[in-house]
Amino acid sequence: MERARTRGGALVGVLLASSLGLVACGKDQAPASAAGPFPSTYAPLPSKPTLIRGATILTGTGARLATAAILLRDGKVVALGAEVAAPSDAQVIEAAGRFVTPGIIDVHSHLGVYPSPNLGAHEDGNEATDPNTAEVWAEHSVWPQDPGFAHALAGGITSMQVLPGSANLFGGRGVTLKNVPSRTMQGMKFPGAKHGLKMACGENPKRVYGGDDRAPSTRMGNVAGYRAAWIKARAYADKRAKAEAGNGEMPDRDLELETLAGVLAGEIIVHNHCYRADEMAVMIDVAKEFGYRIGTFHHAVESYKVADLLAKEDVCSAMWADWWGFKLEAYDGVRENIALVDAAGACAIVHSDSATGIQRLNQEAAKAMASGRRMGLVLAPEHAIRWLTANAAKSLGVLDRTGTLEVGKDADLVLWSRDPFSVYAHADLVFVDGALVWDRVDLKRQPVSDFMLGILGGREVRP
């Protein structure tokens with residue numbers, strides 16, 4: 001959802017390990033994967049060696065392997081190709097007529113921070129108290145029991161970035177999660193993934209604050225607010241650097257400035273809600289002024305107007321297939337947007353920003369393909385799948401781990417009932433780090449959260 005416009009909750013929920021026939025085995029107490037506060041305690045769920053064979057594999061690298069096989073072991077892809085022998089200890093899945101792709105990654109989700117049921121008590125995504133709330137972290141609002149996580153699994157989502165809303169110039173840090181059952185947010189947190197910083201352009205921050213006679217109330221006020229914040233952050237970072245070198249006193253700890261200084265140091269990735277082409281160009285110049293990079297523009301309905309600039313600056317665009325006209329800055333959106341950005345050589349991504357859209361991102365990408373084809377662009381499935389996988393992983397800084405099916409990478413993948421860009425396609429099986437976390441025909445492998453069990457009295461529930 002457009003979170004400064006409406007705050008609809010998610011529709012689906014967190015995974016309950018027992019519903020998968022798995023025991024937590026102290027998963028939430030696994031050794032921390034990285035230093036720092038609130039470290040990831042994620043550990044892969046138990047898995048067994050698995051060979052999927054006879055499928056068409058779209059690797060996410062641009063390759064299409066016909067009648068091929070892929071072998072998973074110890075949470076990794078260990079072999080794929082036309083000829084892969086079945087180890088004696090492997091379960092074999094016959095997949096003739098079906099497709100395998102990398103797991104889908106949604107770079108813009110609010111699951112867990114706007115969970116279902118959609119009640120005011122659950123609306124924890126927008127800290128709309130100041131234009132700059134860089135000090136807040138979305139992960140501290142994530143409710144692992146949100147039923148939205150299971151529905152996302154049913155759509156093939158293996159990882160996602162949960163972001164704060166877009167009420168503020170600086171909305172706070174986003175977090176990348178693995179879509180697995182956990183009692184805690186830390187148990188879902190993607191090990192080693194960088195935080196994102198949510199920033200917002202345009203109508204949202206100027207509307208939220210300008211109506212109360214508080215700055216900013218104009219787009220020029222927005223830009224002045226960004227620049228003033230970065231000036232403070234640069235001074236803070238310089239003082240810390242001098243103190244660490246023994247040339248001054250360490251400044252008092254400041255959570256807001258810590259986040260911004262982390263961006264300046266390249267430790268946090270900027271994710272910038274921005275619709276209009278002219279504002280994207282301005283934000284790129286702001287980034288150059290203060291020496292940081294923008295990783296991705298989100299929503300970005302006018303990216304097609306500056307696709308060459310985005311390609312030159314290596315900035316991704318996370319876009320909808322066809323959201324148009326729901327506010328003025330969305331009026332120049334076109335359905336060919338994603339295909340045009342891709343054709344310019346820029347990094348194109350299909351995102352959801354929706355608790356329901358996250359369940360059908362494959363279909364959203366198919367709509368974008370169809371729009372591109374109508375204007376004469378050739379968009380093969382093995383290429384377009386990157387909009388959901390490899391490019392999304394690049395946006396989040398985890399392409400070295402996931403997003404493509406290559407030997408040595410995490411075994412995050414989906415077995416589809418047919419071509420994933422068909423409106424009739426279903427995610428038959430979903431694996432995260434080699435563990436089967438979703439089976440379309442086996443209710444025992446369809447996770448149900450504690451919350452849903454309590455509400456429904458333990459009845460079987462299909463997302």
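This is a predicted model: local features need pLDDT of at least 70, side-chain atom pairs count only at pLDDT 80 or more; totals for chains, interfaces and linings use all residues.
Is Asp433 buried or exposed? With a relative accessible area of 4%, Asp433 counts as buried, because the cut-off for that class is under 20% relative accessible area.

## Overall architecture

The protein contains 11 helices and 16 strands. Its radius of gyration is 22 Å, close to the 23 Å that the globule rule gives for 463 residues, so the protein is as compact as a globular protein of that length. The C-alpha trace spans about 65 × 55 × 45 Å along the principal axes.

Of the 463 residues, 57% count as buried. Among contacts with a separation of 6 or more, 70% are accounted for by residues 24 or more positions apart.

## Salt bridges

Side chains of opposite charge can pair when their charged atoms come close. In this model the count comes to 25 salt bridges.

| Lys76 and Asp410 | 2.6 Å | Lys76 31%; Asp410 1% |

The side chains of Lys76 and Asp410 meet in a salt bridge. This pair links distant parts of the chain, 334 residues apart: Lys76 belongs to strand 3 (residues 76-81), while Asp410 lies in the loop between helix 10 (390-396) and strand 14 (413-416). Lys76 is partly exposed, whereas Asp410 is buried.

Lys76, Lys178, Arg401, Asp410, Asp412 and Asp433 are linked in a network of salt bridges. The network thus includes Asp433, the buried residue of the opening question.

Asp332 is placed in the loop between strand 12 and helix 7, and Lys305 in the loop between strand 11 (294-299) and helix 6 (307-313), so the pair ties together parts that are 27 residues apart in sequence.

## Backbone exceptions

Most residues other than glycine have a negative phi, and most peptide bonds are trans. Several positions in the model depart from this pattern.

Asp433 has a positive phi of about 50° although it is not a glycine. Its place is in the loop between strand 15 (427-432) and strand 16 (435-439). Asp314 also has a positive phi, near 55°. Asp314 lies in the loop between helix 6 and strand 12 and, at 39% relative accessibility, counts as partly exposed.

The peptide bond from Ser116 to Pro117 is cis, with omega near 0°. Pro117 lies in the loop between strand 6 (104-109) and helix 1 (148-154).

## An interior position and a surface patch

Ser317 is located in strand 12. With a relative accessible area of 1%, Ser317 is buried. Leaving aside residues up to four places away in sequence, Ser317 touches Thr296, Phe297, Ala300, Ser303, Leu310, Val341, Cys347, Ala348 and Ile349.

Leu328 is found in the loop between strand 12 (316-319) and helix 7 (337-343). At 66% relative accessibility, Leu328 counts as exposed, because that class requires over 50%. Together with Trp324 and Tyr331, Leu328 forms a nonpolar patch on the surface, and the three residues have about 390 Å² of accessible area together.

Definitions and conventions: Residues are numbered from 1 along each chain as its sequence is written. Side-chain values use heavy atoms; hydrogens and water are left out. Patches are made of residues with over 30% relative accessible area and no salt bridge: like charges are joined within 9 Å, nonpolar side chains (Val, Leu, Ile, Met, Phe, Trp, Tyr) within 5 Å. Accessible areas come from the Shrake-Rupley method with a 1.4 Å probe; for residues, only the protein chains shown count as cover. A salt bridge is a side-chain nitrogen of Lys or Arg within 4 Å of a carboxyl oxygen of Asp or Glu. Helices (H or I, at least four residues) and strands (E, at least two) are DSSP runs, numbered from the N terminus. Buried means under 20% relative accessible area, exposed over 50%, partly exposed in between (1.4 Å probe, protein chains only). Contact means heavy atoms within 4.5 Å. The radius of gyration is taken over C-alpha atoms; the globule rule is 2.2 Å times the number of residues to the power 0.38.
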